[in-house]
Amino acid sequence: MKKFDIIALGELNVDLLLNRICGFPEVGKEIFAKEMTLTLGSSTAIFAANAASLGAKVSFLGMVGNDDFGAFVKTSLEKRGVDTSNLIEVSTAATGLTAILNYDEDRANVTYPGAMSIMGVKDIRPEAIAEAKHVHISSIFMQETLHRDIYEIVKLVKDNGATLSMDMQFDPEEKWDFDYKKILPLVDIFMPNEQELKALTRESSLEKALDVVRPYINVLVVKRGSKGSLVVTKDGERNLPAMLNRNVVDAIGAGDSFNSGFITAFVQGKDLEYCQFLGNLTGAINTTAAGGTGAFTSKEAVEEAALKHFNQIIKL
Ligand SMILES: Nc1ncnc2c1ncn2[C@@H]1O[C@H](COP(=O)(O)OP(=O)(O)OP(=O)(O)O)[C@@H](O)[C@H]1O
Ligand SMILES: [Mg+2]
């Protein structure tokens, strides 16, 4: 028996959201925002919180500064039922922050990566990994040192007996420096979206992109937004259309919610067909409330949303 089902390994930051802003910022001037919210940010944190709400025992292994935002990140994770005993607090960098200026459908973001950019392989205790059944890594390109050490980190996970999933996420610099031939054979479940997979392989069609990575994958899960998802193994592939939500609030974090459903089913030993079903369902549930965690306040809330919006029962 392992202590944790899942270790979520990676980036942590706070999101400072400014809404109802009167005009656009200009150097030398000051403008007002009529609303402000401070929330737990980061793709990996949304994944961790939502997997915990589905009942998985989740621990977070990430880095924060020894400061007030670091304390905020810690209590936010704990409120969502995520273990924080593997958090690393440093005094050499401040907790990362993204300032998000919201203008209707669009946003202007400024990120200070801080502590999340300095965590590398030397910070990861092998004993911590050995306590978990599974490790999930996300947002490779957002974390400078983790990106540099990614092969060693993946090897460390596998050498310590955990299964591994990875959501590479978008590369803001669009360099796609990721040695998939070397890394993917060690990744049990690779979970990019369609656009990221095409960019990584430098192919313009999904079919061609699949042909490029097929020799290196174990399980590949391609997220396709309102088109649903595709699960590919060496033996075949299975497309599953999205569950239709007629009243989408927003799709922020849908990919992370999909991952949380898929991986929570996976660590319980469910077959890939059920993992994909639950991924599509949790991705769709994500779109029924604001932000990445709004629909995942408790297991009961998720079950209720599944029944009410999609007429589905969650079997976990
Ligand atoms: N509008 C929608 N209606 C129903 N289901 C959706 C919708 N959008 C997304 N989903 C479900 O959620 C899954 C993940 O969403 P998406 O493909 O947008 O991931 P992503 O691009 O990785 O997102 P993120 O921006 O969170 O990283 C999809 O595969 C689909 O099953
Ligand atoms: Mg994504």
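In which loop is Trp176 found? Trp176 is placed in the loop between β10 and α6.

## Basis of the model

This is a predicted model, in which local features need pLDDT of at least 70 and side-chain atom pairs count only at pLDDT 80 or more, while totals for chains, interfaces and linings use all residues. Residues are numbered from 1 along each chain as its sequence is written, chains are lettered from A and ligands numbered from 1 in the order in which they are written, and side-chain values use heavy atoms, with hydrogens and water left out.

## Overall fold

The chain contains 11 helices and 14 strands; these are DSSP runs numbered from the N terminus, helices being H or I of at least four residues and strands E of at least two. With a radius of gyration of 19 Å, close to the 20 Å that the globule rule gives for 316 residues, the chain is as compact as a globular protein of that length. The radius is taken over C-alpha atoms, and the rule is 2.2 Å times the number of residues to the power 0.38.

Of the 316 residues, 53% are buried, where buried means under 20% relative accessible area, exposed over 50% and partly exposed in between (1.4 Å probe, protein chains only). Among contacts (heavy atoms within 4.5 Å) between residues at least 6 apart in sequence, 69% join residues at least 24 apart.

## The loop between β10 and α6

Two residues of this loop, which runs between β10 (163–167) and α6 (180–183), are described here, Glu174 being one of them. Glu174 has a positive phi of about 55° although it is not a glycine. Trp176, likewise a residue other than glycine, has a positive phi near 55°. Trp176 counts as buried, at 6% relative accessibility.

## The loop between β2 and β3

Ile31 lies in the loop between β2 (13–21) and β3 (33–41). Its relative accessibility of 33% makes Ile31 partly exposed. Beyond its neighbours within four places in sequence, Ile31 is in contact with Ile21, Cys22, Gly23, Phe24, Pro25 and Tyr103.

Of its 13 lining residues, Phe141, Met142, His147, Asp171 and Glu173 are the closest to its centre. A pocket is an open set of points on a 1 Å grid over the protein atoms alone, where a 1.4 Å probe fits, with protein on both sides within 12 Å along at least five of seven lines; lining residues have an atom within 4 Å of a point.
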